[in-house]
Amino acid sequence: MKVLSEKLSSLAFTTVVLVALVFWLTWGILMAGSAAYVDRFGLMNSRLVRDWLLDPEGGSGLLKFWFAGLCFVVALLGVNLVFCSWKKILRIMRVKFSKSKLLMFAIHMVFGLVALGHFGSFMLGYRYERVLLGEGESFNFRGGYGLKVEQVHFVDNPAVLKQSPRYLRSGEFHYRRNFADIVLSRNGSEISRDRIYILKPARHQGVQITLSRFTPPKGMKGTGKEGTPRVVFVVTKNPVLTAFLVTYVAMIAGMVIYLGITWRSPRRSVDSLKHNSYKEGEENEEKS
Amino acid sequence: MDRVYTATLLFYILVLVLSPYRVRLLPFLIAAAIMTNGWALALIVIRSGRLPVFNVFESFLLVSFILGLMGLVTRDWGKGKPTAGTWLWLETVILLGLLWFVPRSPSVTRYDYDYSCIVLFHGMRDAALALVLFSSSHFIQSRLEGVKSDLGSRHLHQGRNYLLSGAICFLISEFVGIIWCLNGWGDVWRWNTAFFQSTLIVLYFMLAFHVPGRNRYAENAKSLIGSMGGFFMLILMAVRGLA
């Protein structure tokens, strides 16, 4: 048991898992870049991963296998982190650690929380993509919520909406001037009125309403300006979002402090093998 | 624009050729290269009215500018043999040389190019690439000096410092990218090539900082992974930018 625990907490195991993860992701890149899988990844993006996984008609079996494999390898990294951290906790209780080592330990802990938060955002809450609504139309979703579009305000020529948003230029589309006025209600009672723009969503009680794009008005022909564009929303709820963002910032802040306190090599002219470049490693620690 | 780019490339090539030697002219040549590089960037800003961080041409010009400034500040040249500065100039020439094969024109200004998260996302990635390339030059030098030697050890530590700085800049860029994605698509993650490539870069950083052991082989492995870091990131960013 002790041997297994040593192996699971070792840096060698970390390296093996990271290399495995690199290969697994490279496979993912190859799949995502192939024409056969573009739509399947699109389907994966269109809903919460949990719903995508549980839906038997949710997409390719190979893609689900790839995702399961990805989770498995990341879980191995998590196991490595837990065992390594436990060893460190025991050591901290026995011997006094330097500031930099304690900080590095804390950064690893926070990294674990970031990874958990990331995984949580795949599995918790809900996601409705491509909710297409025009003025006066509404959409009801989980939790008794209702989203109604009161007004769509569009100052540009609607003809530009025929092309992909990716190719819209600054002069032809003004994302800070085009907006939609929405009403969010719950169980029939209005809870908020918001004006939302592209890249400026509305958030209430953990529910986020994102305006992803405008679509050409119904029956628009040629380059005429008849009608009002409709709006495509993404409705999401991610209960771990705040925790994820806060831990992410904490991790970066920790790394900045760590870099600051370890910038100077403690033993500059002695044996180079004892310098402090990568001393955060568990194995290095044992020998020092 | 093409002429300014060519002049910048030629200046940096001259700096590269002369950098291993103690030539009085060298600091002036470096200053000239940086000024020409800066002029190319200024032209993009003046013509487009935005920061030059968007396509590969703009990004690599900005990265070479940052590298040039780092080279000038560190003043690591003129010792009769290749120094970390030499590798820095070589990287700059490779970076600019790659632009020879891509369209050398600024990106079309898309409607959201003034959105702070998008600008910061691209800008921090460029800063990260510059820092990681700078760290690579130290790692390469540490291999030449011998990782066990005093000088080699110092270069190894400096390489580690800049690699960690690059990783921090990259993580900041990723964080800003998360905010952009959240506000644009309602989620912190998308299942596509661009996100996977970014994760690959993060994994590379993790690998570089988790090499097991501390014997000579381990130190060599660290310096080898560190040496390749800049080129790995450069290739991934070029592939992403050209896709």
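**A tour of the interface between chains A and B**

Begin with both chains on display: 75 residues of chain A are in contact with 62 residues of chain B. Keep in mind that this is a predicted model.

Next, show the surfaces where the two chains meet. The size of an interface is often given as the accessible area lost when the parts come together. Here chain A and chain B bury about 6200 Å² between them, and carbon and sulfur atoms carry 65% of that area.

Now select Arg127(A) and Asp187(B) and show their side chains. The two form a salt bridge, with an N to O distance of 3.6 Å. In total, three salt bridges link chain A and chain B. Polar contacts between the chains come to 17 residue pairs, counting pairs in which both residues have pLDDT 80 or more.

Then select residues 11–33 of chain A, which make up helix 2. This helix supplies 14 residues to the side of chain A that touches chain B, the largest share. Colour that side of chain A by residue class: 40 of its residues are nonpolar, 22 are polar and 13 are charged.

Finally, hide chain B and look at chain A by itself. A cartoon view has eight helices and eight strands to trace in chain A. How much of chain A is made up of buried residues? Of its 288 residues, 47% are buried. For contacts in chain A with a separation of 6 or more, 61% join residues 24 or more positions apart. Switch to a surface view to finish: the accessible surface of chain A is about 14800 Å², with 62% of it belonging to carbon and sulfur atoms.

Key: Residues are numbered from 1 along each chain as its sequence is written. Chains are lettered from A and ligands numbered from 1 in the order in which they are written. This is a predicted model: local features need pLDDT of at least 70, side-chain atom pairs count only at pLDDT 80 or more; totals for chains, interfaces and linings use all residues. Side-chain values use heavy atoms; hydrogens and water are left out. Helices (H or I, at least four residues) and strands (E, at least two) are DSSP runs, numbered from the N terminus. Buried means under 20% relative accessible area, exposed over 50%, partly exposed in between (1.4 Å probe, protein chains only). Contact means heavy atoms within 4.5 Å. Accessible areas come from the Shrake-Rupley method with a 1.4 Å probe; for residues, only the protein chains shown count as cover. Buried area is the accessible area (1.4 Å probe) that two parts lose on being put together, summed over both. A salt bridge is a side-chain nitrogen of Lys or Arg within 4 Å of a carboxyl oxygen of Asp or Glu. A polar contact is a pair of N or O atoms within 3.5 Å; within protein, one must be able to donate a hydrogen and the other to accept it, and residues adjacent in sequence count only if both atoms are side-chain atoms. Ala, Val, Leu, Ile, Met, Phe, Trp, Tyr, Cys and Pro count as nonpolar, Asp, Glu, Lys and Arg as charged, and the others, Gly among them, as polar.
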